[in-house]
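Please look over the model shown here and work through the questions below, each of which can be followed in the coordinates.

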Amino acid sequence: MNKDMISHLPEDLIRKILSFLPTKTAIATSLLSKQWRSHWMSAPKLRFDSEDYENEHDENFSKIVSESFLSHKAPVLESFHLRFGLDKVDPIDVGFWIGIAFARQLRKLVLDFLELQGSFIFPSSLCTCKTLETLKLRNQILLDISSPASMKSLKKLHLSYVFYKDDETINNLLSGCPSLEELIVDRSDEHTVEFFTINVPSLLRLTIYDDNSEKEFLGYLIEAPSLKYLEIDELRCKLFLLEAPELVEANIYGVPAIISSEFHVSLTSVKRLVLDVSPLKTIYPPIGDIFNQLVYLEMYTREALWWDLLRRMLEHSPKLQVLKLVDEYRINPDYRVCGREWKKPKYVPKCLLSHLETFVWTRYDARRENEEEVATYILKNAKQLKSANFSANPIKPKELKKLAERREMFRKLDGVVKASTSCHLVFK
């Protein structure tokens, strides 16, 4: 029972274990024995957080990080993660550490700035690593890139609440990343940029969260001919122009006017679509089969008049095979949405006649406005339907009287004369 089992593990495995620890903790293992003195020096990842040194003197954090780099022996550095504030770190030291990491063929760099006031400037000189594959910059970091970057191996770029000196900074950064495959842009109110231009031929995945409501910011201009996956959340800008002919999957949350005439053209190739938008703020495109490749649609029903958007989506998605409706979890289950009645399509949509096979409704409640009418319509008209799954919120022990209501709700659906004789109905 007193045997030291971990010391007998293979050297590579010990280094792997240490790489998951903050470097401060990894260094502390050097006190265990002579054998452990050098293990941390070969760990392929370095991670420092200035908040871990709150009890140290201000000058000690920079000194410890510098000495750690000088003692570290790994020829290739997989990752360098630095979480810091300028109260403990001199910006010159940060540049010095990154320079050493670049010389060690760094693969991944994460900089997380802690201060709410002030900023750390990330200059052009730090955009020259040829081995870097992942770059993540977070919080109050100012990008000042006056000339094209040179990061030929960069595949993942995450920019979370960073600042940009100007529009040219964005262009210089992205144009210097010819292998970029994944881009995450997370922005809030920040007025130095008029247009956020993304012109990256290699880009495969793009995620944008942007609740910027500044008048100076006009919007996004995106040209991504290889883009496969798009996620947008809380977009409030005036303009969103997207050219992505190879787009396969799109997740759209909280975005007004998202199905606009400028945007819908880029959705014609989409096969999977998740929509959580307000129908009251949606601008509809001209009549036509705009989603003619769509096979999977997931729609949230929390907003008023969601059924109008559903009707239009069914009419414009002739090849739809899977339809999933998700209602918002409500503290008050008796919540009602005030709107108008469900307006059936003038003609039964093509997808119901020949393609829809799976219908799922999460947190279904027939007491809420139009839900029973919508469910009945789909069951009565979906000729190829193979399965229909309805789930409702669980009943609490104090609400057992609602069990009879729940059974009656499902009994009505079970009694609907279905267009498909092979449909398997499931209630949860």
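The questions and answers that follow concern a predicted model, and they go from the whole chain to single residues.

Q: How many helices and strands does the chain have?
A: The model is predicted, and local features in it need pLDDT of at least 70. With that in mind, the chain of 428 residues, 46% of which are buried, is made up of nine helices and 21 strands.

Q: Among contacts between residues at least 6 apart in sequence, what percentage joins residues at least 24 apart?
A: A contact here requires heavy atoms within 4.5 Å. Taking the contacts in the chain between residues at least 6 apart in sequence, the part that joins residues at least 24 apart is 61%.

Q: Which residues have the most contacts inside the largest nonpolar core?
A: In soluble globular proteins, nonpolar side chains tend to be buried together. The largest nonpolar core in this model has 113 residues. Phenylalanine 80, for its part, touches residues including Phe48, Phe69, Trp97, Ile98 and Leu109, with residues up to four places away in sequence not counted. The residues with the most contacts inside the core are Phe80, Phe122, Tyr220 and Phe390.

Q: Which residues of helix α5 are buried, and which strands do they pack against?
A: Helix α5 covers residues 167–175, and at its start a side-chain oxygen of aspartate 166 reaches to within 3.2 Å of the backbone nitrogen of glutamate 168. The buried residues of α5 are Thr169, Ile170, Asn172, Leu173 and Leu174. The strands that they pack against are β6, β7, β8, β9 and β10.

Q: How many residues of helix α6 are buried, and what covers them?
A: Helix α6, residues 306–315, is mostly covered, with eight of its 10 residues buried.

Q: Is glutamine 105 buried or partly exposed?
A: Glutamine 105 has a positive phi of about 60° although it is not a glycine, and it lies in the loop between α4 and β3. Buried would require a relative accessible area under 20% and exposed one over 50%. Because its relative accessible area is 37%, glutamine 105 is partly exposed.

Q: Is glutamine 140 buried or exposed?
A: Phi of glutamine 140 is near 60°, a positive value in a residue other than glycine, and the residue is found in the loop between β5 and β6. Since the limit for buried is under 20% relative accessible area, and the value for glutamine 140 is 17%, the residue is buried.

Q: What is the geometry of the aromatic pair formed by tryptophan 361 and tyrosine 364?
A: The structure holds 15 aromatic pairs. In the pair of tryptophan 361 and tyrosine 364, the rings lie 5.0 Å apart centre to centre, with 75° between the planes. Tryptophan 361 is buried at a relative accessible area of 0%, and tyrosine 364 counts as buried at 1%. As planes over 60 degrees apart count as edge-to-face, the geometry of this pair is edge-to-face.

Q: Which arginine lies over the face of tyrosine 296?
A: The charged end of arginine 205 sits over another ring, that of tyrosine 229, at 4.0 Å from its centre. Over the face of tyrosine 296, at 3.9 Å from the ring centre, lies arginine 272.

How values were computed. Residues numbered from 1 in each chain as written. Predicted model: local features only at pLDDT ≥ 70, side-chain atom pairs only at ≥ 80, totals over all residues. Heavy atoms only, no water. Buried < 20%, exposed > 50% of the residue type's maximum accessible area, 1.4 Å probe, protein only. Helix = DSSP H or I, 4+ residues; strand = E, 2+ residues; numbered from the N terminus. Polar contact = N/O pair within 3.5 Å; in protein donor to acceptor, adjacent residues only side chain to side chain. Core = buried A, V, L, I, M, F, W, Y, C linked by side-chain atoms within 4.5 Å. Phe/Tyr/Trp six-rings, centres within 6.5 Å; stacked < 30°, edge-to-face > 60°. Lys NZ or Arg CZ within 6 Å of the ring centre and 35° of its normal.
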